[in-house]
Amino acid sequence: SEADYFMSVIKTAPPVDLPYILDIETNKVGLAPVHVLEWINAFFAEMKAGGYFDTALYSYTPFLDANLPANHNLGNVRLWIAAYVSAPAPKLPVGWTDYYIWQKSAKGVISGITGNVDINVTQQIIA
């Protein structure tokens with residue numbers, strides 16, 4: 001139902017250049033890892049059934065490692081990883097070997113914008 005609601009909203013939006021993102025950072029109801037995986041897979045399946053094939057997952061490593069089975073099937077899903085570290089690369093969750101976008105900071109400063117902004121980098125060309 002969440003995917004259906006999401007698609008009903010984006011149908012009225014202008015075209016986008018980036019993929020549609022599933023942001024999952026909490027498990028307030030305490031789903032078992034296998035059920036979190038089922039939920040994520042169901043969301044992406046509904047999006048594809050609705051004609052939305054350009055998708056990605058946004059989250060952070062400790063959450064994904066704690067809330068997905070180690071043998072999940074999401075390693076090929078593009079990952080937008082939040083990891084506020086000074087390392088040359090983020091620590092990736094189990095099952096992924098690369099990231100699509102890395103959110104390095106939530107405390108960026110850009111002239112002309114009041115307040116902090118997120119700082120993201122990518123290794124891929126985003127058209």
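Predicted model: local features only at pLDDT ≥ 70, side-chain atom pairs only at ≥ 80, totals over all residues.
Five strands make up an open sheet, and their order across it is β1-β2-β3-β4-β5. The pairing within this sheet is mixed. At its edges stand β1 (20–23) and β5 (117–122), each of which pairs on one side only. On average, neighbouring strands of the sheet are turned by 25° against each other, direction ignored.

In general, the strands of a sheet pair through backbone hydrogen bonds, either parallel or antiparallel. Here, strands β2 (residues 55–59) and β3 (residues 79–82) run parallel and are joined by 3 bridges. Opposite Ser59 stands Ile81 in β3.

**The helices**

Helix α2 (residues 33–49) lies across β1 and β2, and runs at about 160° to β1. Helix α2 also meets helix α1 (residues 2–10): the axes of the two helices come within 9 Å and cross at roughly 35°. The crossing in which α1 passes α2 is right-handed.

Which residues meet where α1 and α2 are in contact? The following table lists them by helix.

| Helix | Residues in the contact |
|---|---|
| α1 | Glu2, Ala3, Asp4, Phe6, Met7, Ile10 |
| α2 | Trp39, Phe43, Glu46, Met47 |

Sorted by class, this contact of α1 with α2 has 7 nonpolar and 3 charged residues, and no polar ones.

**Summary**

Conventions. Residues numbered from 1 in each chain as written. Heavy atoms only, no water. Pairing = 2+ DSSP bridges. Helix = DSSP H or I, 4+ residues; strand = E, 2+ residues; numbered from the N terminus. Axes fitted to C-alpha atoms, helices over the stretch in contact; angles between N-to-C directions. Contact = heavy atoms within 4.5 Å. Left-handed = near helix turned anticlockwise from the far one by under 90°. Nonpolar A, V, L, I, M, F, W, Y, C, P; charged D, E, K, R; others polar.
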